[in-house]
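Please keep the sequence and the 3D view open while reading this note. The points go from the whole chain to single residues.

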Amino acid sequence: MKVQIHGAGMAGSFLYMLLNQDFEVGITDTRKKPDCRCAWGIAYSEAKELYKEIGIDLEEYVLIRPEYAIANGLRLRNKNIVIFDRKRLLEDLWDQIEFRKIEAKIHIDATGFKRALLPKIKSDRVYPTIQTVEKHNIDDNIYIYARKTGYAWAFPLGDDRWHIGAGDLNETRALELIEMLRQEYGFKEKNGKICSCKAKIRLLPPSACKPFKVGDVFGIGEAIGCVSGAGEGNVPSLKSAKIFYECLINDKLEAYEYRILSEFSWIEEEHKFVEAVQNGKRLTALLKLPKIVSIESKRSVSQSIGDLIRFMKVLK
Ligand SMILES: Cc1cc2nc3c(=O)[nH]c(=O)nc-3n(C[C@H](O)[C@H](O)[C@H](O)COP(=O)(O)OP(=O)(O)OC[C@H]3O[C@@H](n4cnc5c(N)ncnc54)[C@H](O)[C@@H]3O)c2cc1C
């Protein structure tokens with residue numbers, strides 16, 4: 001079986017390493033090298049297990065284990081998020097990858113929000129993001145300033161370096177959010193900006209990103225909506241690649257869509273919750289709270305229903 005992967009980001013490079021053990025596999029990317037854009041937060045326990053399968057020790061890439069995540073003033077103890085050097089990890093993977101095109105029977109759309117091979121999604125929801133690397137002498141926690149339509153973040157990278165950024169309905173609103181985050185937590189802009197860039201993120205659950213397969217093309221990662229309502233896409237992308245790999249080696253590709261939808265039912269729940277909050281459907285959001293608290297307490301930070309109710313109250 002020959003497989004051609006398009007896109008060597010989180011999902012594509014991971015799938016390449018899995019497949020390369022048993023298959024002839026080609027991979028291409030439009031970028032010349034991995035970029036340093038944000039997205040350096042990862043759910044540690046799951047990511048560690050997944051990367052182990054391709055011989056990577058995630059621990060070697062962990063920069064910081066923040067003690068708290070502070071969102072709109074609410075201080076929550078961090079359980080499972082680490083900040084990892086995503087750029088260096090991808091660079092190390094790219095060193096092991098032979099970039100080439102092959103005549104393949106199966107093509108993989110791992111092009112992230114671009115979804116370059118699969119058909120366009122009707123009513124797609126791709127948000128612009130803006131991010132910088134800056135120097136600040138502030139406690140190494142995760143800082144969030146959220147409103148209903150988006151949020152700004154500050155992630156510590158160690159040595160007083162920070163990823164600061166935001167995503168919202170448009171760039172102007174994202175910039176406003178960054179300004180609010182600066183005011184709330186004291187990330188003053190005059191402190192040396194090292195670099196800045198823009199990106200995009202798809203905020204739709206897998207069920208809204210069908211089809212996952214058209215002809216000989218299968219989608220993995222963000223191309224098929226493997227991103228949570230809170231924008232967590234690193235582990236879901238890896239996981240979707242693993243599911244594809246398992247379906248392929250077990251000759252069960254017909255089960256791929258079902259497996260993705262079952263695995264990411266938690267992502268579906270999170271998107272419904274976020275949508276309810278955004279649309280002011282307070283009762284629907286409240287009814288979903290126990291589920292969301294249970295999901296996120298395992299994946300990211302300790303929280304209670306009361307914490308989330310307080311958080312919802314201060315969201316504008
Ligand atoms: C600013 C920002 C911050 C984020 N923060 C976090 C975070 O802290 N934690 C988290 O879990 N998630 C985060 N996410 C989400 C996460 O980064 C993505 O969901 C995840 O990277 C998706 O993985 P992927 O492999 O599907 O796509 P990507 O990692 O985006 O990779 C797609 C690859 O495809 C390539 N490509 C594009 N078009 C083509 C083409 N036509 N042919 C070949 N190659 C192509 C691109 O160059 C890229 O290398 C963030 C996203 C953004 C934008």
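The numbered points below describe a predicted model.

1. Overall size. The protein chain has 316 residues and a radius of gyration of 19 Å; a compact globule with that number of residues would have a value near 20 Å, so the two agree. Along the principal axes, the C-alpha atoms fill a box of roughly 55 × 45 × 35 Å.

2. Make-up of the chain. The secondary structure consists of 9 helices and 15 strands. Of the 316 residues, 43% count as buried. Among contacts with a separation of 6 or more, 70% are between residues 24 or more positions apart.

3. The open sheet. The order of its 7 strands is S6-S5-S10-S11-S12-S9-S13, with mixed pairing. Strand S6 (74-77) and strand S13 (193-202) each have a single partner strand, so one side of each has no neighbour in the sheet. From one strand to the next, the twist averages 20°.

4. A pair inside the sheet. Strand S5 (residues 68-71) and strand S10 (residues 142-147) run parallel and are joined by 3 bridges. Isoleucine 70 is placed opposite tyrosine 143 in S10.

5. A helix on the sheet strands.

6. The shell around the ligand. There are 36 residues around the ligand, and the closest are Gly7, Gly9, Gly112, Gly221 and Gly233. By class, the shell has 17 polar, 13 nonpolar and 6 charged residues. Helix H1 (10-19), strand S3 (41-43), S9, S13 and helix H5 (234-249) each give at least two residues to the shell. The largest share, 3 residues, comes from H1.

7. A cis peptide bond. Lysine 210 and proline 211 are joined by a cis peptide bond, with omega about 5°. Proline 211 is in the loop between S13 and strand S14 (213-214).

8. Positive phi values. Arginine 115 is not a glycine, yet has a positive phi of about 45°. Arginine 115 is located in the loop between strand S8 (106-109) and S9. Serine 123 lies in the loop between S8 and S9, and its phi is also positive, near 50°.

Terms used:
Residues numbered from 1 in each chain as written. Predicted model: local features only at pLDDT ≥ 70, side-chain atom pairs only at ≥ 80, totals over all residues. Pairing = 2+ DSSP bridges. Helix = DSSP H or I, 4+ residues; strand = E, 2+ residues; numbered from the N terminus. Axes fitted to C-alpha atoms, helices over the stretch in contact; angles between N-to-C directions. Rg over C-alpha atoms; globule rule 2.2 N^0.38 Å. Buried ≥ 20, exposed ≤ 12 C-beta atoms within 10 Å, placed from the backbone. Contact = placed C-beta atoms within 7 Å. Near = placed C-beta within 6 Å. Nonpolar A, V, L, I, M, F, W, Y, C, P; charged D, E, K, R; others polar.
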